[in-house]
Amino acid sequence: MTVSNQKFVPLDWKQESPSALLDRIRDAEIVGMGGAGFPTHLKFEAALRAEHRSVIANGVETDPGVSADKTLLRQNGNDVIEGIRIAARVLNATSCILAVSERSIANQLKEGNSSDIDIVEVENTYQNGEERVLIEKLMGRRIASDVYPATLGIIVLNVATLFAICESVRDGLPVTKRLATVMGHDQWCEIGTPVHDLAPSSDKLRVGSFANGRPADSKVSLQPTHNAVSIDRANSAMPCIRCGWCDTACPKHLPVERLLNEATGSLSAPTSLTHLNDCNDCGACVVSCPSGIPIIDYIRGSRDRENNSRTAERRASEALSRFEAKQQRISTRNQRTLDDRESRMQQDHKWQ
Amino acid sequence: MAVSPEPKFQTTGIMVRVLIALVPGTAVAVWAFGLRMITIVVSAMLAAVAMEMVCTRSIKSLRDGSAVVTGILLGLCMPPTVPFWIVAIGSCIGIGIGKHIYGGLGKNLFNPAMVGYVAILVSFPEQLTHFDALTGATALEVVSHRGSSTLFELGNHPSLGLFGAAGYEWINCAFLLGGAYLVAVRIISWHMPLAVLVGIACPTVLFFDGGSAASWGSPLFHLFAGGTMLTAFFIATDPVTSPTGRAQIWVYGLFVGITTMLIRKYGAWADGFAFAILLANILLPFIERRVPVAQAWNR
């Protein structure tokens with residue numbers, strides 16, 4: 001953390017106005033670092049319109065084989081807590097909750113911190129780190145999939161995001177690096193590093209966990225949203241034996257196996273777009289698969305394909321309706337010109 | 001910090017646990033029918049493995065263990081008197097035509113072991129149906145073709161054991177034990193075996209009137225005769241050729257059980273599980289299309 005890195009003037013957040021803090025968060029271009037990459041200031045602005053506001057710091061990291069957030073909480077737990085206080089000041093929040101998935105971290109953070117922040121230990125089961133699931137666990141509110149929690153005043157921020165908020169406000173530092181789990185080891189990585197330079201020994205990589213990460217080719221570089229770099233196991237996958245464990249594992253109860261077999265072409269039933277769009281990319285199916293099939297790649301593939309073809313259809317029909325409307329306009333105009341001419345000719349006739 | 005969680009089992013792990021679960025049944029079969037059973041099971045297994053290697057032209061394809069399991073299951077379906085070369089032919093047909101013609105593991109429409117079994121059952125009826133009195137199929141035949149005599153009059157027939165068919169009742173108990181292990185380690189869910197067993201029990205309970213000439217044989221007898229437990233726990237649960245949805249599993253299992261009973265009672269063959277499984281395999285796409293799977297969350 002050298003001074004030369006500084007881009008902004010450090011702010012004393014206890015004195016500054018909440019709007020100045022929000023401006024700083026926007027200027028530092030902070031995005032959700034848990035994976036979504038949603039601009040954080042937009043989230044704050046959406047929440048500011050709600051009546052009651054609360055901040056949830058999401059330290060529940062349940063991605064298999066990823067421990068970056070846990071390490072961040074161990075190493076820089078107090079910075080994260082300061083980030084929570086900054087967020088609470090921006091929002092004038094009534095409650096702050098820090099959810100962690102390990103008791104030792106919870107105990108470590110509880111020491112020496114006043115009780116303005118609830119530090120809650122959440123069971124370390126897969127999916128508990130998902131925004132809506134976490135809200136349901138902590139507040140008992142079930143939020144429908146088409147409602148954005150921030151509009152209800154509930155802001156869920158990843159601990160890495162809160163750390164970035166703290167650094168940008170308190171120290172004036174932009175987001176230039178993040179803690180990521182690279183092949184099982186947590187390390188600070190410069191954002192923008194080519195992924196293959198981080199793990200040169202392996203040629204097949206994924207950004208994100210092996211469960212729900214995306215395959216990374218040589219052009220992919222580390223983004224603020226990437227919490228892990230792991231080995232791609234797609235090549236060692238064995239055939240699907242239709243055991244149906246993915247169906248059991250799916251927290252959304254989607255017919256995963258059917259979707260997979262439709263994507264690979266061994267089942268010809270039409271894919272249901274509702275099912276594909278209900279999938280929230282958690283990757284539980286990949287973890288459960290005894291054959292090690294990267295199911296999520298297929299599901300993403302067919303979802304993109306379906307959505308693209310539907311977009312193409314929609315665009316085509318829109319173009320058609322525009323074209324027809326234009327034809328209509330042209331013919332009306334021509335008709336009007338003809339009518340005008342007709343009437344003028346009749347008037348001329350009168351004059352003669 | 002290095003954490004590398006694995007799936008609860010790899011495919012190989014599933015097959016290994018299935019093999020463990022088959023051990024008690026195989027041991028009791030050897031105890032009941034002698035060492036001939038070992039020859040039969042081993043020749044079936046070796047033929048299956050050889051055919052798998054021929055079809056895939058690689059030795060790596062064996063690592064999932066599915067060929068070994070297919071071969072052993074086929075061997076365990078055999079009566080003890082059958083010559084080993086017939087079993088080997090069955091294994092080759094099962095692996096070759098039942099599995100690899102469709103594209104190998106995961107793509108086969110029919111249970112390979114049952115394809116092989118039925119192929120040799122219809123090709124070598126002499127060797128596969130006429131054997132000594134110590135076997136379940138004979139007991140099934142005795143019960144099925146007893147004419148006008150009541151079950152009570154059959155009471156002392158040498159082919160009937162304590163509560164099932166002599167010999168086969170203990171084999172079935174052992175397969176029940178192995179199947180319970182599979183359920184306990186969560187390789188299979190309890191729904192499929194229960195559905196098959198209920199499918200077998202229902203008609204027998206309905207048509208069992210205490211043992212008159214028209215009676216079907218006691219439910220207990222049918223549950224512990226022939227290949228009942230082997231079918232319920234090891235053959236119907238083959239993941240590739242069985243459905244995955246809860247309701248679909250029940251439809252499939254009940255169909256297998258009831259069809260087995262219908263063939264036992266009215267069919268030309270003493271035991272009907274192989275045909276029942278193949279018929280259910282034929283119906284599988286229909287079941288999967290017509291019987292709904294779980295609904296999505298939030299909807």
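Trainee: How many nonpolar, polar and charged residues does the lining of the second largest pocket have?

Mentor: The lining has 29 nonpolar, 14 polar and 7 charged residues. Ala, Val, Leu, Ile, Met, Phe, Trp, Tyr, Cys and Pro count as nonpolar, Asp, Glu, Lys and Arg as charged, and the others, Gly among them, as polar. This is a predicted model, in which local features need pLDDT of at least 70 and side-chain atom pairs pLDDT 80 or more, while totals for chains, interfaces and linings use all residues. Residues are numbered from 1 along each chain, chains are lettered from A and ligands numbered from 1 as written, and side-chain values use heavy atoms, without hydrogens and water.

Trainee: What volume does the second largest pocket have, and which residues lie closest to its centre?

Mentor: On a 1 Å grid over the protein atoms alone, a pocket is an open set of points where a 1.4 Å probe fits, with protein on both sides within 12 Å along at least five of seven lines; lining residues have an atom within 4 Å of a point. A volume is the space filled by probe spheres set on the points, which are joined across faces, edges and corners. Here the volume is about 1100 Å³. Of 50 lining residues, C243(A), W245(A), I187(B), I188(B) and S189(B) are closest to the centre.

Trainee: How does the largest pocket read?

Mentor: The largest pocket has a volume of about 1400 Å³. Its 43 lining residues include G34(A), G35(A), A36(A), E130(A) and N280(A), which lie nearest its centre. By class, this lining divides into 11 nonpolar, 20 polar and 12 charged residues.
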